[in-house]
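Me: Hi! I'm new to this one and would like a friendly walk through it. Could you show it to me first?

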Protein chains: 2
Amino acid sequence: MKKLPFRVEEYEERVRKVKERMDAAGLEVLLVVDTANMNYLTGYDGWSFYVHQGVLVGLDSEQPIWYGREQDSNGARLTTWLDEESIKGYRDEYVQSRYMHTMSFVAGLIRERGWEEKRIGLEMDNYWFSARCFQVLQEQLPDATLLDATNCVNWVKTIKSPAEIAFIREAARICERVMKVAVETIAEGVWEKDATASVVQAQIAGTEEYGGECPAIFPIMPSAERTSTAHLTFDPERRYQNGDVVLLELAGCRRRYHAPLSRTVFLGKAPEDLKKIAAVVVRGLNQTLEFIEPGVTAEEVEARWRHSLKGTGVEKPSRVGYSFGLNYVPDWGERTVSLRPGDKTILKPGMTIHFMPGIWLEEYGFECSEPFLVTEAGSEKLIEFPQQLFEKS
Amino acid sequence: MKKLPFRVEEYEERVRKVKERMDAAGLEVLLVVDTANMNYLTGYDGWSFYVHQGVLVGLDSEQPIWYGREQDSNGARLTTWLDEESIKGYRDEYVQSRYMHTMSFVAGLIRERGWEEKRIGLEMDNYWFSARCFQVLQEQLPDATLLDATNCVNWVKTIKSPAEIAFIREAARICERVMKVAVETIAEGVWEKDATASVVQAQIAGTEEYGGECPAIFPIMPSAERTSTAHLTFDPERRYQNGDVVLLELAGCRRRYHAPLSRTVFLGKAPEDLKKIAAVVVRGLNQTLEFIEPGVTAEEVEARWRHSLKGTGVEKPSRVGYSFGLNYVPDWGERTVSLRPGDKTILKPGMTIHFMPGIWLEEYGFECSEPFLVTEAGSEKLIEFPQQLFEKS
């Protein structure tokens with residue numbers, strides 16, 4: 001009994017849009033191995049992506065073809081909209097074998113369909129398409145033209161449908177609860193592990209009506225000197241101390257759609273320079289959000305942010321945001337829109353972007369972010385949570 | 001202030017062993033991009049692996065060279081044993097750029113060291129080494145000999161040191177608590193989301209003395225018909241019902257070392273055939289564990305297991321186990337030893353293997369596993385947890 005998060009027509013519409021993009025790029029076949037892209041086109045949802053699996057989209061084929069490990073094919077039957085003949089399981093001997101490679105199986109599927117001389121697009125710079133995958137396809141399909149189609153699906157996915165936005169709003173409700181738990185739980189003397197445990201508990205428990213899911217990034221909750229850099233998390237043997245800065249980079253996740261948010265807690269009385277940075281960032285954040293509307297480019301958003309910092313002494317040299325949505329580990333970002341100099345992407349209604357100006361100084365960091373939706377009229381903040389440095393004594 | 005989980009001498013010993021293996025394979029330089037392998041050699045620990053990063057090991061170089069995003073290089077300073085000159089941050093412009101690729105930066109590091117005509121080993125079939133990474137290195141290093149070195153570090157890592165085994169034992173203590181929480185919480189009428197939330201809470205809270213960490217696989221806790229396949233998890237909108245089978249594939253994680261375990265719960269009175277399968281699996285599990293000692297091969301272990309099933313009507317066609325240890329998402333397995341026909345690996349003291357004979361039938365599944373350590377004398381179960389089908393009324 002299938003219970004899909006979207007109507008079949010929505011999946012069909014996604015396939016149509018991907019085919020339009022394929023056609024425009026001169027791709028007759030597309031091999032999709034990105035876990036989120038597989039889910040986007042078929043609904044497939046399982047923690048099986050540590051082995052090779054994927055979806056083949058052919059311009060001349062109505063349904064995508066799912067392939068994966070035989071033991072996961074019942075998972076495809078339960079979680080995708082595909083018919084039985086579009087689900088192809090491979091024998092377990094392929095898994096992490098020193099003699100056989102799954103891409104030989106995939107080449108076989110391609111030959112079965114008569115696609116072996118076609119122009120085939122590949123997600124060349126993707127976690128799930130290794131150098132060896134490419135080599136085996138080259139060996140097995142000497143008459144095909146193999147082309148780079150990295151992010152072909154990602155760009156289609158960047159514009160969300162109303163049904164997708166509804167899930168992101170549900171993820172946002174979860175995220176508000178999660179952030180509240182974090183800010184309330186973190187206190188002098190509390191084990192960092194216990195605060196983090198409460199946060200992951202809240203991420204899955206969700207609301208009264210629905211559960212959350214495991215976000216694509218584990219809670220990033222560094223304290224003290226660990227806040228001077230990006231991407232560290234809690235110390236499993238430490239209690240929070242007076243004088244700690246704690247950065248919180250958290251998300252709610254619903255049906256694999258995310259709503260991310262960053263905030264900062266200070267235990268005790270915050271130093272004046274940190275308070276000053278907080279004020280500068282919050283002001284710049286809101287000035288930038290007001291500036292956003294359909295038609296402005298990603299780099300113009302970043303320029304507006306940089307303009308707001310002028311004369312304040314605060315600097316932020318890396319990108320200040322990225323589009324987000326449907327994803328699996330290791331990242332909830334979509335690898336399409338980046339708010340940074342040089343990104344000419346024109347913002348359009350339905351894009352969801354995490355404006356995330358993280359500041360990491362020598363001694364500590366400060367983070368306050370906002371995920372927003374580009375609307376017809378401008379932009380809409382997806383989460384309501386106080387924009388401030390949370391001082392807790 | 002660095003606080004490494006191991007003594008510097010232990011990291012140096014690991015590098016010596018990897019160099020021995022490189023030398024035997026005729027590799028003068030090794031590019032390590034696997035997150036767990038990076039951690040193994042340097043200590044580096046951060047959720048930054050969604051962008052390209054890695055470690056270069058040269059036979060003629062004492063320390064490995066860490067490279068990663070500039071904003072993560074303070075993380076390398078805090079979490080690795082490397083000197084300042086071995087930490088190389090790249091500019092943020094490289095991140096997910098349509099014009100620049102991080103492998104150009106890496107090729108620059110290789111040229112700086114005078115390694116551009118060397119024999120360079122690459123982790124060709126690894127999540128973190130995309131087809132595009134390989135293409136860029138080929139373009140940038142035309143005089144180098146690029147060779148496949150997939151799992152070169154993994155094989156060294158497969159034999160654990162006493163200090164590593166100590167962490168796995170701590171992870172096992174966490175896993176026992178986690179499994180207990182799962183078996184106790186799952187009951188008719190309870191939301192699946194709430195049981196899963198309790199499990200993730202326990203995974204991070206750990207024990208009174210130390211916290212756990214985010215395991216490399218999210219809790220796999222399917223119920224009812226979702227147990228007929230591998231790798232599905234809880235339903236975020238469902239309560240457990242009388243008659244449910246619930247599979248539990250969980251782990252404790254400590255300093256990124258895992259201890260995985262599977263068990264099965266039945267809500268209500270279990271059907272006779274499920275009880276029969278449970279009895280067959282548990283008997284076969286213990287017969288196989290008794291058989292294990294240094295010197296037997298991986299395929300002999302699987303054969304012993306298959307022998308124990310003879311005449312019972314139970315079949316298990318895929319591999320029944322794999323080595324595990326230090327890891328990050330998406331898998332706690334090490335991709336080296338597989339308990340299956342054809343795997344000639346001779347078991348050695350210090351290997352840690354998850355014997356995991358999952359049975360997935362049309363209607364439901366049954367799982368009961370044991371992680372074990374190969375010792376000088378035989379094998380040692382790492383976890384103490386009742387081996388049974390847990391019937392809960």
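Reply: Here is a short chat about the model, starting with how to read it.

Me: Great, what kind of model is it, and what do I need to know about the numbering?
Reply: Residues are numbered from 1 along each chain as its sequence is written, while chains are lettered from A and ligands numbered from 1 in the order in which they are written. This is a predicted model, where local features need pLDDT of at least 70, side-chain atom pairs count only at pLDDT 80 or more, and totals for chains, interfaces and linings use all residues.

Me: What is the mean pLDDT of chain A?
Reply: Chain A has a mean pLDDT of 96, and 100% of its residues reach 70 or more. pLDDT is the predictor's confidence in each residue, from 0 to 100. For the complex, the predictor gives an ipTM of 0.97 and a pTM of 0.98.

Me: How are chain A and chain B related?
Reply: Chain B superposes on chain A by a rotation of 180° with 0.0 Å of shift along the axis, at an RMSD of 0.0 Å. The two copies are thus related as by a two-fold rotation axis.

Me: How many residues does the contact take from each chain?
Reply: The contact takes 64 residues from chain B and 64 residues from chain A. Two residues are in contact if their C-beta atoms, placed from the backbone, lie within 7 Å.

Me: Which element of chain B gives the largest share?
Reply: That is α8(B), with eight residues. The elements of chain B giving two or more residues to this side are α3 (73–79), α5 (131–140), α8 (192–205) and β10 (333–338). Helices (H or I, at least four residues) and strands (E, at least two) are DSSP runs, numbered from the N terminus.

Me: And do the copies meet through matching surfaces or what?
Reply: They meet through the same surface, because 100% of the interface residues of chain B are also interface residues in chain A.

Me: New topic: what is the strand order in the sheet of chain B?
Reply: Six strands form an open sheet in the order β4-β3-β2-β1-β5-β6 in chain B, with mixed pairing. β4 (87–90) and β6 (145–148) of chain B are at the edges with a single partner strand each, so one side of each has no neighbour in the sheet. Strands pair if DSSP finds at least two bridges between them.

Me: Which way do β1 and β2 of chain B pair, parallel or antiparallel?
Reply: Antiparallel: β1 (residues 29–32) and β2 (residues 54–58) of chain B share four bridges. B:L31 has B:L56 as its bridge partner in β2(B).

Me: Last one: how is chain A divided?
Reply: Chain A has domain 1 (8–157) and domain 2 (162–392), with bounds from an automatic or database domain assignment. Their centres, taken over C-alpha atoms, are separated by 33 Å. In chain A, 11 residues of domain 1 are in contact with nine residues of domain 2. On the domain 1 side, α2(A) gives the largest share, four residues.

Key. Least-squares fit on C-alpha atoms with pLDDT ≥ 70 in both.
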